[in-house]
Amino acid sequence: MSLGLYVAVATRAFRRYSTYRAATLAGVFTNSVFGVIYSYAYLALWAANPDAGGYDKVDAVTFVWLGQALLMTVALFGGGATEDLAERIRTGDVAIDLYRPVNLIGWYLASDLGRAAYHLVSRGVAPMLVGLLLFDLTLPVSPAHAVAFAVSLPLAVTLSFAIRFLVACSAFWLLDSSGVRVATMGLSIFLSGMLLPLVLFPGALGTVAEALPFAGYVQVPADIWLGRHDGSAILLHLGFQVVWIVVLLGCCTAVLRAATRKVVVQGG
Amino acid sequence: MADALVLTRRYVDIASLWVRAAWVYRTSFVTLVVANGLLTGLDAVAIFIMFSQLDQLGGFSLHEVALLYGASSIGLGIADTLIGSVERIGEHIRTGRLDQMLTKPLPLLLQVCADQFTLRRLGRITQASIVFAWAATYVDWTPARAGVAVLMVLSGGALFFGLFVMFSCIQFVTKDATEFSNAFTYGGATLTQYPLTIFPRELMRSLTFVVPVAFVNWYPCLYLLGRDDPWGMPSWLQFCSPLAAGAMVGVALLVWRTSVRHYTSTGS
Amino acid sequence: MPLIDVPLIDVQSLERTFVRRKRAGAVRRTTETVRAVHDLSFGIEAGEMVGYIGPNGAGKSTTIKMLTGILVPTSGRVTVAGLEPQRDRVELARRIGVVFGQRTTLWWDLPLRDSFDLLQKIYRTDPARHRENLDRFLELLDLHELLDTPVRQLSLGQRMRGDIVAALLHDPEILYLDEPTIGLDVVSKGRLREFLRALNKERGTTLLLTTHDLQDIEALCDRVIVIDHGTAVYDGDLAGLHQRGGSTRTLVVDLVDEAPPIDVPGATTRRVEGPRQWLSFPADASAAPLVAAVAAAYDVADLSIQEPAIEDVIRELYSGPPR
């Protein structure tokens, strides 16, 4: 499969999502409302404990808006290109896809990245602007940090994609995968930093949380933006995302192979 | 009054049918209730984690914030269980099911709310009740306070009822902007988890006089906790939850009636 | 006690326009006014069986919506059983039954039985009467074995029959049927028509039927209202319609051998292909004398008759070019 094909798939996904103008506006509004609520909550938290988790209050509020900005990009609540896959598994059409000489994972990943690009540009940038208008936010501490942040974004999307892909594939075996979806959504919200920055998680909970792939969704990019890491530490954290991507995409490939076998043997 | 009883019985008839149908898939149903409880309980977990880092938030201790959280979530849970289906009204309009409902001898709102009734949302009420019960052990109970607590929970439910219904009416006009309502319904719920001292004065006033979510839990809880209003608002507001609820429900029903009238006049 | 004799369904100078907003270019929007129903007037007495026909987009569904209170007229008056459909929606709903052809009124995920039980409660039908009706209809429409099947597993025909039962359980005075036989096989169609005829005869249920199937009309309706572009262009009996429209039926004759165009009185030979010939004759005339004449004069191997399509009938009504 050529790069050109992947680009075409991504572009098509971008364009498809860009037609939902009203939904995007409504979404930005909601993101902003929640951004405001959490900003005040964190300001109060850091007023009581000015140094919590190694952040100061400006870091904390910036973290809120970064979270809101990344929410849709990283498809934290589910959704994205893997929904198409889930639907095709449900209807059985996926059987056709499994016989085609197309890299299924690559295909859906390209589509998801296209979608993520649109969400970043619309529901990523807009809430950040709102946050900048309403609150005191900090910008990336250096150009190097800004670049590293930019790099961490497609990595975060890919991480999230891999997990969502696995969740979608559960439909090959489970009649009703809503339990898996809800559980994943819960874990994503809790362990990505969306609920509360992982730096606040006490003791062992914090250590475990920062080691899991979900940390790569929001916490890692946010920490790069906030300048919590320097130099080689940044590379280490980007590496963290990459390692999990390799592991999870490996799982995706294995799962897909098992699913193909199942479909071929049992006829779906 | 007799009318209200008859309608309640019709609602129960429809709802129990759906419950019985769901009960056929027992394990799936129980799983969903538990999953719902865990997912909605994440907010409570966040509060507890927050307090591992500090003693007070906005001048309120853990058990005080837990009381606020519990009361608000129970209210939301009640509303969500009884009328949460109203959020699906856009779907009914699209499929033509709304037109069919109009040919049946029952109020439209009742049919929409009872449609696809599910007890799964009890998960939220359960988890919130546990938190509330724990926080309640710290309250110095008197008969008056018990009465206010009961009214608080009922009024909270009614206030969220009003919000859900009112903002679902947007779907008569556009099907794309449903996320807009979330800012008010779930945003209102998230907001009231925290003591209103964390917000600026103007916001607090809007939440008292414009979108009166402050009456869901804030004002009554001040009475339960025996605290003076930190903003210096008059203490009789602490007994006004039922009034606010009544006003909100009244406005919501007006918006609903107008929206339905608009729908039958334009036939979109 | 009404002093004036008002029809059960009374429609006077009904108008219904829609304003549609369309995108013209990137940002600009144009509005377009569509007149779905225009100056529509008719009255239907209790016990009548009326066919309501017209081409797609003629305004049939819009009319039904206005009669049932789903849609409000832009102007004009509609009264059903002395009630105003929108103002008295709930009260009127008790006295009517509606069957929508494409969408089911039954609860999708639940067994058929549950839908019927629920309807008894919703309409507050006397339980004994409900039981009686249910047993009767289930037998007539052969649905007994399907009572415990979830509605989503039923075939189209079975669902349609279920919908009809659902619409009649509460003894409505008026039954609106919107394309009820669409997608049904021939046998089911016949059974359904029989059922509806019996219903009208026994209980005097008024029937308003919209359909594209002319045979539905012929089997069920004494009266036909033709609507086109929002206006009633014909209101009378079926024979009159054929006459007025000058519509023709076609006799397809398969001769034993090829022959020059058949020449018999009362018919025109339109087409010849080998031994087969197509003769058209007025639709309101009986085919019997024609068949006898052809058989007497020629060696006939086989014969069949083709009915005119609704669209053709209506088109001829205007004697204008097809739209």
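Two strands count as paired if DSSP finds at least two bridges between them. Strands (E, at least two residues) and helices (H or I, at least four) are DSSP runs, numbered from the N terminus. With those terms settled, I turn to chain C of the structure above.

This is a predicted model, in which local features need pLDDT of at least 70 and side-chain atom pairs count only at pLDDT 80 or more, while totals for chains, interfaces and linings use all residues. Residues are numbered from 1 along each chain as its sequence is written, and chains are lettered from A and ligands numbered from 1 in the order in which they are written.

In chain C, β5(C) and strand β6 (residues 174-178) run parallel and are joined by five bridges. Within that pairing, C:Ile96 has C:Ile174 as its bridge partner. Both strands belong to an open sheet of six, ordered β5-β6-β7-β3-β8-β9, with mixed pairing. At its edges stand β5 (96-100) and β9 (231-236) of chain C; each has a single partner strand, so one side of each is left without a neighbour in the sheet. On average, neighbouring strands here are turned by 15° against each other, direction ignored. Axes are lines fitted to C-alpha atoms, for helices over the stretch in contact, and angles run from 0 to 180 degrees between N-to-C directions.

Two helices deserve mention alongside this sheet. Helix α1 (residues 60-68) of chain C packs on the sheet, touching β3, β5, β6, β7 and β8 of chain C, and its direction makes about 150° with that of β6(C). Helix α5 (residues 156-168) of chain C lies across β5 and β6, at about 165° to β5(C).

An automatic or database domain assignment gives domain 1 (9-242) and domain 2 (248-307).

Strand β10 (residues 248-255) of chain C runs antiparallel to strand β12 (residues 276-282), with seven bridges; C:Val252 has C:Trp278 as its bridge partner. Strand β11 (residues 268-273) of chain C is also antiparallel to β12(C), through five bridges, and C:Thr268 stands opposite C:Ser280. β11(C) and β12(C) form a hairpin with two residues between them, where C:Gly274 in the turn has a positive phi of about 65°.

Finally, how do the chains meet? Contact here requires C-beta atoms, placed from the backbone, to lie within 7 Å.

Which chains are joined by no contact? Those are chain A and chain C, whose closest C-alpha atoms lie 12 Å apart.
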